[in-house]
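Let's work through a few exercises together, with the model open beside you. Try each task on your own before reading its solution.

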Amino acid sequence: MNDFWLALLGMTCITFTCRYFFFSTSVAFELGPKIKRLLSYTAPSVLTAMWVPIVFLGHQETNGDFITSPFLIAGVTTVIFSLKIKNTLAIVIFGMGVFGALKLFF
Amino acid sequence: MPSRTAIAGGSTPSDFKIIYQAIVDIFPLSLAVVPWGILCGSLAITVGLTPLQAQLMSLLIFAGAAQLAALTMMGAVGSLSSMFSSTFVISSRHLLYSAVFREHVRKSSLGLRCSIAFFLTDEMFAVTCAYMAKHKKFSAVYALSSGITFYVFWNVATFTGIVAGQHIPNLEHLGLEFAIAATFIAIVIPTIKNRSTLISVISSGVSAIVLSIFMKEYALIAATFIGMFCGYLTKEKSAINE
């Protein structure tokens with residue numbers, strides 16, 4: 001593809017600019033308390049917008065049933081587990097363990 | 001292996017401990033993207049890129065979803081402008097991440113700011129936010145080490161896809177992306193300590209499902225904004241304390 005190098009350059013610039021934009025000292029404005037409060041919900045919102053589709057729509061990838069989907073069962077189990085246990089690594093290992101077991105046996 | 005409680009318990013953990021912690025924390029997320037890295041590498045070869053070009057995409061762009069979308073377009077002879085606009089839509093959430101980290105890095109040197117920006121991915125943002133919530137402070141060492149770890153995994157996976165893509169069965173169907181779900185659940189659920197965060201999580205989760213049916217490309221960023229605004233607009237008693 002002749003345009004490849006242009007595509008590579010353009011995409012590199014776009015992704016880097018998005019990541020760097022608010023780090024720039026020439027973006028002069030101060031983020032006020034209202035914006036900061038809004039931004040404090042970024043992590044819970046964006047991470048949830050990523051994990052919820054994996055858990056609730058994961059079955060579509062493999063054309064499986066919703067109710068018997070390992071994604072759904074392991075996902076809901078992980079959520080319940082995370083309400084009791086606060087250790088991140090323990091939750092991840094538990095969740096992957098349940099998912100792996102379901103994948104293996106069903 | 002040093003125990004995790006010892007690391008968390010120290011008031012000023014050494015850089016080495018922070019680096020170790022960062023690598024441990026991002027490991028499950030790194031593992032989860034391996035199939036996608038391999039796919040990026042092998043798809044790049046399939047659509048006719050040279051091995052060097054394929055590797056450069058992961059080395060320079062370093063954005064899985066954007067790379068996959070672009071490769072699909074290259075395969076279908078898509079236009080440059082459609083490739084760029086899709087890259088922007090997919091990458092737009094990184095603007096939010098850079099806004100969140102802004103106050104923590106703006107006093108840093110240009111080199112450090114550029115480095116943190118370059119390695120700023122969903123996964124690095126997630127674990128760094130979790131670290132900040134736990135230790136009440138931002139750590140550039142933590143952000144960089146988790147980001148670089150993820151970068152190495154992504155590029156080794158891409159390389160594997162380039163070299164051996166045709167011989168590797170489709171690992172995407174193993175469901176390794178569940179590791180992403182498990183990690184994000186482990187990060188998000190324990191941070192729900194007040195009503196507004198709960199509302200923000202529920203509204204973004206519900207809208208992510210609903211929106212992905214109608215407008216898949218914009219669903220993530222739209223659901224994120226809906227969640228943020230719903231959390232922001234929720235009145236709560238604890239807000240007085242802030």
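Predicted model: local features only at pLDDT ≥ 70, side-chain atom pairs only at ≥ 80, totals over all residues.

Residues are numbered from 1 along each chain as its sequence is written, while chains are lettered from A and ligands numbered from 1 in the order in which they are written.

**Exercise 1.** Describe the make-up and overall dimensions of chain B.

*Solution.* Start with the elements: chain B has twelve helices and zero strands (DSSP runs, H or I of at least four residues for helices and E of at least two for strands, numbered from the N terminus). Next, take the radius of gyration over C-alpha atoms and compare it with the globule rule, 2.2 Å times the number of residues to the power 0.38. Chain B comes out at 19 Å, close to the 18 Å given by the rule for 242 residues, so it is as compact as a globular protein of that length. Finally, along the principal axes, its C-alpha atoms fill a box of roughly 60 × 45 × 40 Å.

**Exercise 2.** Work out how α2(B) and α10(B) are oriented to each other.

*Solution.* First find the helices: α2 spans residues 15–46 of chain B and α10 spans residues 178–188 of chain B. They pack at an angle of about 155 degrees, with axes 8 Å apart; axes are lines fitted to C-alpha atoms, for helices over the stretch in contact, and angles run from 0 to 180 degrees between N-to-C directions. Now classify the angle: under 35 degrees is roughly parallel, over 145 roughly antiparallel, 65 to 115 roughly perpendicular and the rest oblique. The pair α2(B) and α10(B) is therefore roughly antiparallel. On the α2(B) side, the contact uses Pro28(B), Leu29(B), Leu31(B) and Ala32(B), and on the α10(B) side Ala179(B), Ile180(B) and Thr183(B) (C-beta atoms, placed from the backbone, within 7 Å).

**Exercise 3.** Find how α1(A) lies against α3(B).

*Solution.* Helix α1 (residues 4–20) of chain A packs on helix α3 (residues 51–61) of chain B at about 15 degrees, with axes 9 Å apart. That makes the two roughly parallel. Among the residues that meet are Phe4(A) and Leu8(A) from α1(A), and Leu56(B) and Met57(B) from α3(B).

**Exercise 4.** Which helix gives the largest share of the side of chain B that touches chain A?

*Solution.* Begin with the totals: 74 residues of chain B are in contact with 58 residues of chain A. The largest share of the chain B side, eleven residues, comes from α10(B).

Note on methods:
Contact = placed C-beta atoms within 7 Å.
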